[in-house]
Amino acid sequence: MASSQAGVRVVDRVPVSPAPASEPRPALPLTFFDVAWLFTGPVERLFFFRHPDPASTLPLLRSSLSHALRRFYPLAATIRPDVCSYSHGADALTFLVAESDRPDDFDRLVSRSPREMSGIRPLVPQLPPPGDDGAFAVAAVQATVFPGRGICLGVSVHHAACDDASAMHFVRTWAAACRLGADDAAMLPPPPLLDRSLVADPDDLRGKTLAGMARLAPPPPHPPPPPPQEQEEPLVMASFLLTREQIERIKAGSPGASSFAAASAVAWVCLLRSGSVGVAGAERAHMLFSAECRSRLAPPLPAEYFGNCLRPCFVEAAASELLSADGGVAAATAAIGGAVREMEAGVLEGAEGWLGKVMSVLPARPMSVGGSPRHGVYMGADFGWGRPARVEMVSVEKTPGTVALAESPEGDGGMELGVALPRGAMDAFASCLADAIAA
């Protein structure tokens, strides 16, 4: 049955099952890397493509999705407390088809300028509600047609199933299957590695993480308070481009710094100066980011390993240094670089305390980082119509102070920053960023 929201009408909901396969599809146990994300939610990303006849793409999108799921069957599965399992005939990935009755909105939605979240959210597929037993679906996809203008593909993947590297591996595989119009294994990206036994856990970090989550679980919620008299300022989303030259100038002030540290540092400083992160009057400012662990484990995991393989990294600096007109970005870059070096000295050091440390930092309103320029959200998402006109990680709005990082759509070695803020804070952030990269 059709439903409508903000000019976007859902016209069909199609369960898509993995194409038949000869090999078995065993249940995947959740590792200690996975269970930490059980009570979070999906990573939500939108891919916008220009296309003169977007409705014509739908049959191939659906058939190629089934072919991609043959390799990535866990994305059509259900997560229960300790496993991700797929049952043929009972489980499927929900593929929503929607149409916008405001096709002219497409050009505004693919711009970098601030756009209201109220016009973006209807493009994001929502996961079905959990069952009575607490089991929940892993992923959902939505294709929204803007007649005569283009199409938006929304992909939502619950973080307990896999991290962003694995989710983008799936998107690249789906894109290749759609672009090539075939399921030729030799022409697709390498298949995912689904063997969870490769993640060693001799110290029962999984059990310790689950026990910690049980201790930190909030009490049953109280009845909701009455609605406020004044509504909060609505959020807007905007994208900002850092060229390679601008990143190199930031790195020059902190010898040995990475491009990730430079881009994250300038975002951290500008969020702090705009009042979007941190606590007024606090002596210390905090930042959180997730570090990729596949190549850092001993022995390392292949890049194609499907699942979560991230650890939190904690950055702390004197707020006065970051707020300083001179040297604030350099101080932030140095602090981030120091946290990376500390993490690399012992990638699993203190793992049993990660969850508690994250919870202890949250009251300080830290900045956090989502995505990575290494994931190739622009370069790897050609479904046959060219690179996306815009890619947005919409789920950053759920965690205030989060910045999404991606490679530059120009392919010039730069980076794109995506943020969701109230409009006033967005204006302050944009002004600060323009000054910082011009210095």
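Predicted model: local features only at pLDDT ≥ 70, side-chain atom pairs only at ≥ 80, totals over all residues.
A residue is called buried here when its relative accessible area is under 20%, exposed when over 50%, and partly exposed in between (1.4 Å probe, protein chains only). Numbering starts from 1 along each chain as its sequence is written, and side-chain values use heavy atoms, with hydrogens and water left out.

**Overall build**

- You get 12 helices and 18 strands, which are DSSP runs numbered from the N terminus (helices: H or I, at least four residues; strands: E, at least two).
- The radius of gyration is 22 Å, which agrees with the value near 22 Å for a compact globule with 439 residues; it is taken over C-alpha atoms, and the globule rule is 2.2 Å times the number of residues to the power 0.38.
- Along the principal axes, the C-alpha atoms fill a box of roughly 60 × 55 × 50 Å.
- Among contacts (heavy atoms within 4.5 Å) with a separation of 6 or more, 79% come from residues 24 or more positions apart.

**Nonpolar cores**

- A nonpolar core is a set of buried Ala, Val, Leu, Ile, Met, Phe, Trp, Tyr and Cys residues joined through side-chain atoms within 4.5 Å.
- The largest one has 64 residues, and Trp268, Phe289, Leu322, Met367, Leu417 and Leu433 touch the most other members.
- Helix H8 (residues 259-273) is the top contributor to this core, with 11 residues.
- There's also a second, separate core of 52 residues, with Phe136, Val141, Trp174 and Val391 among them.
- Back to Leu322: setting aside neighbours within four places in sequence, its contacts include Trp268, Val269, Leu272 and Arg273, and also Ala331 and Ala332.

- Ala298 and Pro299 are joined by a cis peptide bond, with omega at about 0°; Pro299 sits in the loop between strand S13 (284-292) and strand S14 (310-318).
- Asp204 isn't a glycine, yet its phi is positive at about 55°. Asp204 is found in the loop between helix H5 (164-180) and helix H6 (205-216), and is partly exposed at a relative accessible area of 43%.
- Arg365, also not a glycine, has a positive phi of about 55°. The loop between helix H11 (354-361) and strand S15 (367-371) holds Arg365, which is partly exposed at 39% relative accessibility.
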